[in-house]
Amino acid sequence: MKRSLPALILLTLSCASPALAEDWTGVYGGFALGYTDVDGPASSGGDDVSFGPYIGYDHDFGNFVLGGEFEFNRTDIDLGGASGDLDYIGRLKLRGGYDFGRALGYVVVGAARAKTSGADDTGAVYGIGVSVPVSDRVLIGGEILRHDFSDLGDGSGDFDTDTFNLRTTFRF
């Protein structure tokens, strides 16, 4: 019991110590694997797996991090009827976030381009994400993104697209 008490105090103090701050400045790239759900007019839409690469740059201003990213997700979602298939979504995103020490929480705004076998469309993208380092050069994280397209597929109306991505990032 006497030996357990110092070990317990040491463990408690080590867990209670503040996390070391990360330096988020620099170029990064990685791969995302996720799920995309598309909802359109007249019961058109669908869902499927999405995946693809991304590359970006962040600058750490202390507690605030600002950056930009290009992401490309491949998918094969049957939108139903004459709307065709959703082949990919490309995104150009601005990221702004807060450095929580060992994690970066951020919001995303930008533009997305969707390619279908029918009509292509450019719309807005916005969402939230988090990145957590697992080593000096590797991070894991996730994003939840919402896309608003007005003339996707056969051009018959609005298509709301939600994407949840799990991400593996490599710092350069």
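A residue is called buried under 20% relative accessible area, exposed over 50% and partly exposed in between, with a 1.4 Å probe and protein chains only. The model is predicted, so local features need pLDDT of at least 70 and side-chain atom pairs count only at pLDDT 80 or more, while totals for chains, interfaces and linings use all residues. Residues are numbered from 1 along each chain as its sequence is written, and side-chain values use heavy atoms, leaving out hydrogens and water.

Aromatic pairs were searched for across the whole structure, and four were found. Rings of Phe, Tyr and Trp (its six-membered ring) pair if their centres lie within 6.5 Å; planes under 30 degrees apart count as stacked, over 60 as edge-to-face and the rest as tilted. One of the pairs is Phe31 with Phe51, tilted, at 6.5 Å centre to centre and 35° between the planes. This pair links distant parts of the chain, as Phe31 is in strand E1 (residues 26-39) and Phe51, 20 residues apart, is in strand E2 (residues 45-60). Strands (E, at least two residues) and helices (H or I, at least four) are DSSP runs, numbered from the N terminus. Phe31 is partly exposed at 43% relative accessible area. Phe51 is partly exposed at 38%.

Phe72 and Tyr88 also form a tilted pair, with ring centres 4.9 Å apart and planes at 35°. Phe72 lies in strand E3 (residues 64-78) and Tyr88 in strand E4 (residues 85-99), so the pair ties together parts 16 residues apart in sequence. Phe72 is partly exposed, at 29%. Tyr88 is partly exposed too, at 26%.

Charges also sit over rings (NZ of Lys or CZ of Arg within 6 Å of the ring centre and within 35 degrees of the ring normal). The charged end of Arg167 is placed over the ring of Tyr54, 3.8 Å from its centre. Arg95 lies over the face of Tyr106, with 4.2 Å to the ring centre.

Glu22 occupies the loop between helix H1 (4-16) and E1. Glu22 is buried, with a relative accessible area of 15%. Its side chain makes a polar contact with the side chain of Arg102 at 2.6 Å. Such a contact is a pair of N or O atoms within 3.5 Å; within protein, one must be able to donate a hydrogen and the other to accept it, and residues adjacent in sequence count only if both atoms are side-chain atoms.
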